[in-house]
Amino acid sequence: MSGWLLPRDRDPVDRTDRPITISVDGEPVTGIEGQSVAGMLLAAGRTSWRTTRSGAPRGVFCGIGACFDCLLTVNDVPDVRACRRPAADGDEVRTQSREETA
């Protein structure tokens, strides 16, 4: 073992790595407690989860909550910034669309 690796029982930030599951458009997505919703989606391979009025896909852009590209609906609350929202076990997440209607 090299000197920079710490044994699991001596993690300086006391991570628990407790798994959680959220539902995204009815599909289960698993992650680790403490991850943002955006982090869980990105780890699951989803790079976009919203569309603009023109139909352009959007996901994480700034990652710090300054923009509004990562909006989604969490537990029936619309326009939640996925990068700022810590995921909670059992969250119901829905993607959003702002496509223009004809």
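## Glutamine 96 and its surroundings

Leaving aside neighbours within four places in sequence, glutamine 96 is in contact with Trp49, Arg50, Thr51, Leu71, Leu72, Thr73, Pro78 and Asp79. The model in which these contacts are found is a predicted one. Glutamine 96 lies in strand S8 and is buried, its relative accessible area being 9%, which falls under the 20% cut-off for that class. One of its neighbours is also a polar partner: the side chain of glutamine 96 makes a polar contact with the side chain of threonine 73 at 2.9 Å. Over the protein chain the average pLDDT is 85, and 81% of the residues score at least 70.

## Strand pairing

Which strands make up the open sheet that includes S8, and in what order? There are 3 of them, arranged S4-S3-S8 with mixed pairing. Strand S4 (57-58) and strand S8 (96-97) stand at the edges with a single partner strand each, so one side of each has no neighbour in the sheet. Strand S3 (residues 50-51) pairs with S8 in the parallel sense over 2 bridges, and within this pairing threonine 51 has serine 97 of S8 as its bridge partner.

Another pairing joins S1 to strand S2 (residues 27-32), in the antiparallel sense and over 6 bridges; here serine 23 stands opposite proline 28 in S2. The two strands form a hairpin with 2 residues between them, and aspartate 25 in the turn has a positive phi of about 50 degrees.

A positive phi also occurs at two further residues that are not glycines, namely asparagine 75, at about 50 degrees, and aspartate 79, at about 60 degrees. Asparagine 75 is placed in the loop between S5 and S6, while aspartate 79 belongs to strand S6 itself and is among the residues that glutamine 96 contacts.

## The nonpolar core

The largest nonpolar core has 17 residues, of which Ile22, Val37, Trp49, Leu72, Ala82 and Val93 touch the most other members. Strand S1 (19-24), helix H1 (37-43) and strand S5 (71-74) each supply at least two residues of this core, and H1 gives the most, with 4 residues. Valine 93 shows how such a member is surrounded: not counting residues up to four places away in sequence, valine 93 touches Ile22, Ser23, Val24, Asp25, Val37, Leu72, Thr73 and Val74.

Leucine 42 is also placed in helix H1, but this residue is partly exposed, at a relative accessible area of 41%. Beyond its neighbours within four places in sequence, leucine 42 is in contact with Thr47, Trp49 and Val60. Its C-alpha lies 9.0 Å from that of glycine 59, a residue 17 positions away in sequence.

Aspartate 89 is found in the loop between strand S6 (77-81) and strand S7 (92-94). Although 69 residues separate aspartate 89 from isoleucine 20 along the chain, their C-alpha atoms are 4.9 Å apart. With neighbours within four places in sequence left aside, the contacts of aspartate 89 are Ile20 and Thr21, and its side chain reaches the backbone nitrogen of threonine 21 at 2.8 Å.

## Cysteines and exposure

A search of the whole structure finds 0 disulfides. Cysteine 62 is in no disulfide, the nearest cysteine sulfur being that of cysteine 67, 3.6 Å away.

| Residue | Relative accessible area | Class |
|---|---|---|
| Cysteine 62 | 30% | partly exposed |
| Cysteine 67 | 17% | buried |
| Asparagine 75 | 36% | partly exposed |
| Aspartate 79 | 39% | partly exposed |
| Aspartate 89 | 57% | exposed |

Technical notes:
Residues numbered from 1 in each chain as written. Predicted model: local features only at pLDDT ≥ 70, side-chain atom pairs only at ≥ 80, totals over all residues. Heavy atoms only, no water. Pairing = 2+ DSSP bridges. Buried < 20%, exposed > 50% of the residue type's maximum accessible area, 1.4 Å probe, protein only. Polar contact = N/O pair within 3.5 Å; in protein donor to acceptor, adjacent residues only side chain to side chain. Contact = heavy atoms within 4.5 Å. Disulfide = S-S within 2.5 Å. Core = buried A, V, L, I, M, F, W, Y, C linked by side-chain atoms within 4.5 Å. pLDDT = per-residue confidence, 0-100.
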